[in-house]
Amino acid sequence: MANKLIEINNLNKVFGNLKVLKNVNFDVYEGEVVVIIGPSGSGKSTLLKCLNLLQLPTSGQISYHDELIFNNKCLLSHSKLQNIRTKMGFVFQQFNLFNNLNVMENLTLSPINVLKRNKEDAINKSLELLKKVGLSDKAYAHPKNLSGGQKQRVAIARALAINPSVMLFDEPTSALDPENIKEVLEVMRNLALSGMTMVIVTHEMAFAKEIGTRVIFMDEGMIVEEGTPNDLFNHPKMERTKKFLNAVL
Amino acid sequence: MGLDFSILQDYIGLFLQGLGMTLLISLITVLFGTIIGTPLALIRLSKSKVISIIATSYIEIIRGTPLLLQLYIFAYGIPLAFPFIRFSPFVAGIIALALNSSAYVAEIVRSGIQSIDEGQLEAAKSLGLSYALSMRKVIIPQAIKNVLPSLGNEFVTVVKESSIVSIVGIADLMKVTNTISSQKFRLFEALLFAALLYFIVTFTISKLVNYIERKLSVSHG
């Protein structure tokens, strides 16, 4: 069995009196492509943001590489937390490219300032990554001059630039025009084929079915059902899963 | 009775000296106002309630009391109460103006920081940047750009309000104007000429800020 990368036990997240996550248990193994699906407001994005502690859970445990990093509170110092975050690339629904920096500066900001790589190496690595996402010609473009699909591909390259062990995608195509979705999914598909560990929250069911090694269905803050794409999409066991799939497929 | 500006021509040099002093005081004020005001904005935005309240109180008290009163405190109040503290009028004037301006700059910078989409900070954090580094490299550059017009207005305000230091004897444009008019009994002409000088300066600053703003919006988003 592959190494366990992330382990989550009994995770709860409460906003005011709204329970967003209820006793979620969930592991990620190296090389897996875990796809999380479910209706809006089911807690998928919150779960994803808890993985790299962008949001702090209310209670529960999170381990990374068998090291307990959260146990009802964050166990890491600021610098350790920042270090853990550089192991996980995060891709946002709204891209969140830095508006004051060009594409190259977006990619090299963390490698140079956080990972302390030398500038030339960081630039060369970034050029390589931009080639990978098909944007070699946009290295010195400004984010505002890019289409949505290009922005998201830059955002993926930026997340890859810190050399993460796992990539987390939070509805990466939800903010895109239909004609821009394909190019982003293509980049993600290639990434999955290269063996990258990925956790993807998405509404793209066909893509989930094709690319996922495991699919998780969430509803109302709970993991309702999980399994292989074939199990979950073709032979769902739970009533709620069937109802959701009937509505979206 | 007519106006006679010819009487002022012997005093052009003196007017310009006063104007130089006004510009010097304004520049130092804006410089220190920004140096104090920017961290003040960050402190006000701190998650720690206690720390935030300290900054908020400072800002509200400064903005809620007259600048003239603040000037008197530094020029007369403190030296009287603590005789071992000696300010020159120049230093007292600068301290009062800079502290006053810092409160307004803090509010301008705060609104600028709050206008930045939260996703920017979230993205910076996700890449392992510390809060301080995120602020320095991502948030503050965007915030400053957004509030540049307001900061320019603050500069204009400082140029005008700095005239208050003439009261404690600093030879700025206002003080020089008073002196000249009382010597020559040509108050109206001297005042109009000083107004012209003030206007040229503030108008130039406004245009300069507009220009920088346009340049920035061309090079960035």
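Start by selecting B:Phe203, which counts as partly exposed at 43% relative accessibility. Keep in mind as you click around that this is a predicted model.

Look at the two rings: their centres are 5.4 Å apart and the planes make an angle of 25°, so B:Phe199 and B:Phe203 count as stacked.

There are six aromatic pairs over all chains. For another one, pick B:Phe82 and B:Phe84, an edge-to-face pair with 6.1 Å from centre to centre and 65° between the planes. B:Phe82 is partly exposed at 41% relative accessibility, while B:Phe84 is exposed at 68%.

One more ring before we move on: select A:Phe98 and look over its face. A:Arg158 is there, 4.5 Å from the ring centre.

Next, the charged pairs. The count over all chains is 17 salt bridges. A:Lys4 itself is partly exposed, at 26%.

Then jump to A:Lys80 and A:Glu67, which meet in a salt bridge at 3.2 Å, N to O. Here helix H2 (residues 78-85) supplies A:Lys80 and strand E5 (residues 67-71) supplies A:Glu67, 13 residues apart. A:Lys80 is partly exposed at 33% relative accessibility, and A:Glu67 also comes out at 33%.

A:Arg240 and A:Glu220 are worth a click too: their closest N and O atoms are 3.8 Å apart, in another salt bridge. A:Arg240 belongs to helix H9 (residues 239-248) of chain A, and A:Glu220 to the loop between strands E9 (214-219) and E10 (222-227).

Last stop: A:Lys13, in strand E1 (residues 4-15) of chain A. What does the side chain of A:Lys13 reach? A:Lys13 is buried and has no salt bridge, with the nearest side chain of opposite charge, B:Glu122, 10 Å away. Instead, follow the side chain to the backbone oxygen of A:Leu56, at 2.6 Å. To see the surroundings, show the residues A:Lys13 touches, including A:Leu18, A:Val20, A:Thr46, A:Gln55 and A:Pro57.

Technical notes: Residues numbered from 1 in each chain as written. Chains lettered and ligands numbered in written order. Predicted model: local features only at pLDDT ≥ 70, side-chain atom pairs only at ≥ 80, totals over all residues. Heavy atoms only, no water. Helix = DSSP H or I, 4+ residues; strand = E, 2+ residues; numbered from the N terminus. Buried < 20%, exposed > 50% of the residue type's maximum accessible area, 1.4 Å probe, protein only. Lys, Arg positive; Asp, Glu negative; His and termini not counted. Salt bridge = Lys/Arg side-chain N within 4 Å of Asp/Glu carboxyl O. Polar contact = N/O pair within 3.5 Å; in protein donor to acceptor, adjacent residues only side chain to side chain. Contact = heavy atoms within 4.5 Å. Phe/Tyr/Trp six-rings, centres within 6.5 Å; stacked < 30°, edge-to-face > 60°. Lys NZ or Arg CZ within 6 Å of the ring centre and 35° of its normal. Lists of a residue's contacts leave out its neighbours within four places in sequence.
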